[in-house]
2 protein chains.
Amino acid sequence: MSVLVIGSIALDDVETPFGKVDGALGGAASYFALAASLYTNVNLVGVVGTDFPQGYLDLLGQRRVDLKGLQLRPGKTFRWAARYDFPLDIAQTLDTQLNVFADFHPILPEDYRGSDFVFLANIDPVLQLEVLRQIKGARLTVMDTMNFWIERKRADLTTVIEAVDIVLMNEAEVRQYSGAYNVIAAARYILRLGPKAVIIKKGEHGCALFGDSVYFVAPAYPVEQVLDPTGAGDSFAGGLLGYLSTQQEITPEAIKRAVIHGSIVASYTVEDFGVRRLASLNQQQIAKRYDEIRQITYFAQI
Amino acid sequence: MSVLVIGSIALDDVETPFGKVDGALGGAASYFALAASLYTNVNLVGVVGTDFPQGYLDLLGQRRVDLKGLQLRPGKTFRWAARYDFPLDIAQTLDTQLNVFADFHPILPEDYRGSDFVFLANIDPVLQLEVLRQIKGARLTVMDTMNFWIERKRADLTTVIEAVDIVLMNEAEVRQYSGAYNVIAAARYILRLGPKAVIIKKGEHGCALFGDSVYFVAPAYPVEQVLDPTGAGDSFAGGLLGYLSTQQEITPEAIKRAVIHGSIVASYTVEDFGVRRLASLNQQQIAKRYDEIRQITYFAQI
């Protein structure tokens with residue numbers, strides 16, 4: 001089973017109250033790929049410039065991430081600078097340089113087109129559609145987005161939502177897109193467009209899974225010291241699809257377990273800057289927190 | 001097993017985007033008493049003025065709430081006017097008239113002093129201490145508070161915290177009191193002062209229970225239409241203590257189940273204005289949501 005991801009690969013300059021990194025490996029696709037590769041092989045589709053450090057390519061390559069779909073273009077890699085203040089849930093973007101990402105168009109190598117699991121990370125919905133058109137017979141397609149596309153490319157975004165199996169959004173995004181304040185009503189709005197499920201990410205408050213026949217609430221793993229929240233959502237998606245790729249069938253029960261895996265991978269990611277913690281994560285550490293979350297959510301019958 | 005509550009009894013003028021009530025039965029002790037009386041007898045300690053409607057006394061009396069400790073004083077009842085806008089989580093207080101509540105001092109009838117369960121609702125910590133001094137041999141004492149007392153009567157509040165078994169606070173309060181942004185660190189700060197447990201209320205995000213040997217996260221029941229959030233926290237406390245009063249032993253597992261009961265009672269309260277929904281609630285309706293919450297939080301082993 002292979003997982004394909006299309007999304008940004010970036011060099012990040014990030015500052016939080018706990019420290020600072022410059023030129024760190026970042027971008028949605030990087031976090032997703034490192035997370036999903038804990039479970040399976042990952043096909044990475046994106047673009048980097050000639051300034052992209054070989055060390056980052058090595059890190060991805062060592063972790064079952066196939067780089068055949070990674071375009072190397074003359075120019076600089078997409079660069080993002082941001083700062084988080086308390087509360088750490090919102091990044092204040094200080095600078096965005098699209099660079100080689102500005103005129104990126106995804107071209108899938110032939111053997112990527114039959115990928116079983118596809119994650120359309122947060123990018124222009126027009127590019128997400130380009131990828132969907134190149135994909136054949138995927139078992140599961142999942143998308144993420146952000147307020148920028150909701151505001152500026154709503155029609156294209158809606159076409160993507162109508163075409164995928166699972167939509168990931170955070171609370172603010174699902175409210176903005178649906179126009180409904182209540183998240184249950186907002187989730188129903190998305191489900192009516194076609195997806196089998198919506199997962200609403202709520203940061204430290206965990207997440208909720210809505211489907212036609214399933215409703216599930218998962219707490220975030222209680223992280224005592226969040227150093228850098230960057231990449232939490234994409235790590236979540238990576239854990240989610242990575243876990244599902246190991247399952248015989250994509251049942252509602254399997255998706256619930258996958259949501260817990262996603263939460264756990266994200267909980268590790270935020271414990272250090274950038275991909276540091278994610279890069280050293282292993283399945284034993286995931287299993288440990290899985291048992292812990294089962295314990296902290298369990299209560300007996302009435 | 002009897003439950004005693006000391007707190008405000010008020011006439012509320014509340015406006016939300018969904019409607020408006022004037023002179024409605026309100027106050028922390030009213031919500032708590034109606035909630036806890038779904039499980040057991042409740043001894044209510046508070047004060048009302050001569051304008052307090054007989055109908056409200058009748059409602060309380062019909063619901064196993066003993067009114068012997070309710071003082072009737074010349075003058076007007078405590079009156080609170082507030083408005084909620086989206087998001088509905090914060091009340092904007094428009095007017096507060098303490099009236100007979102201004103020089104209230106709780107005097108416990110002799111047969112209240114041996115109450116098994118005691119809830120010190122959100123009032124001046126000096127009054128909470130006066131009640132604690134009159135109580136003998138309680139099985140469980142629980143307190144609530146608010147930012148006003150954290151700011152103005154911190155020393156007295158700390159004395160109460162040191163003396164009780166369980167502290168209830170919302171996220172903002174526990175952060176403010178402890179000076180720790182992370183709620184886990186904040187909960188530890190409270191536990192070091194003596195309480196056996198801290199329950200942090202997070203509104204639509206549910207709540208978390210922290211104790212020396214227990215950590216538990218409960219989602220809020222997914223309410224599709226919140227009409228009026230007033231009284232949610234006190235209804236929660238009423239469900240919590242009401243349920244615990246039916247238990248042989250106050251074990252960590254019993255407290256977890258009690259937290260779910262509290263969440264459920266609160267979820268019903270907010271579905272209508274004031275105490276309307278709470279007044280017609282019954283144990284069958286509670287049991288129904290209890291099973292639903294078990295379902296929406298359950299996931300299988302890894």
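Me: What is the handedness of the crossing of α8(B) and α9(B)?

Reply: The crossing of α8(B) and α9(B) is right-handed: a crossing is right-handed if the near helix is turned clockwise from the far one by less than a right angle, and left-handed if anticlockwise. Helices are DSSP runs (H or I, at least four residues), numbered from the N terminus. Bear in mind that this is a predicted model, where local features need pLDDT of at least 70, side-chain atom pairs count only at pLDDT 80 or more, and totals for chains, interfaces and linings use all residues. Residues are numbered from 1 along each chain as its sequence is written, chains are lettered from A in the order in which they are written, and side-chain values use heavy atoms, with hydrogens and water left out.

Me: At what angle do the axes of α8 and α9 of chain B cross?

Reply: Axes are lines fitted to C-alpha atoms over the stretch in contact, with angles from 0 to 180 degrees between N-to-C directions. Here α8 (residues 232-244) and α9 (residues 252-269) of chain B cross at roughly 140 degrees, their axes coming within 7 Å. So α8(B) is oblique to α9(B) (under 35 degrees is roughly parallel, over 145 roughly antiparallel, 65 to 115 roughly perpendicular, the rest oblique).

Me: Which residues make the contact?

Reply: Contact means heavy atoms within 4.5 Å. Among them are B:Phe236 and B:Leu240 of α8(B), and B:Ala258 and B:Val265 of α9(B).

Me: How much area do chain B and chain A bury between them?

Reply: Interface size is often given as the accessible area lost when the parts come together. Chain B and chain A bury about 3,600 Å² (1.4 Å probe, summed over both). In chain B, B:Glu224, B:Phe299 and B:Ile302 lose the most area to chain A.

Me: How many salt bridges does the rule find across that interface?

Reply: A salt bridge is a side-chain nitrogen of Lys or Arg within 4 Å of a carboxyl oxygen of Asp or Glu. The rule finds 4 across the interface of chain B and chain A. A:Glu204 and B:Arg175 meet in a salt bridge at 3.5 Å, N to O.

Terms used: Helix = DSSP H or I, 4+ residues; strand = E, 2+ residues; numbered from the N terminus. Buried area = accessible area lost by both parts, 1.4 Å probe.
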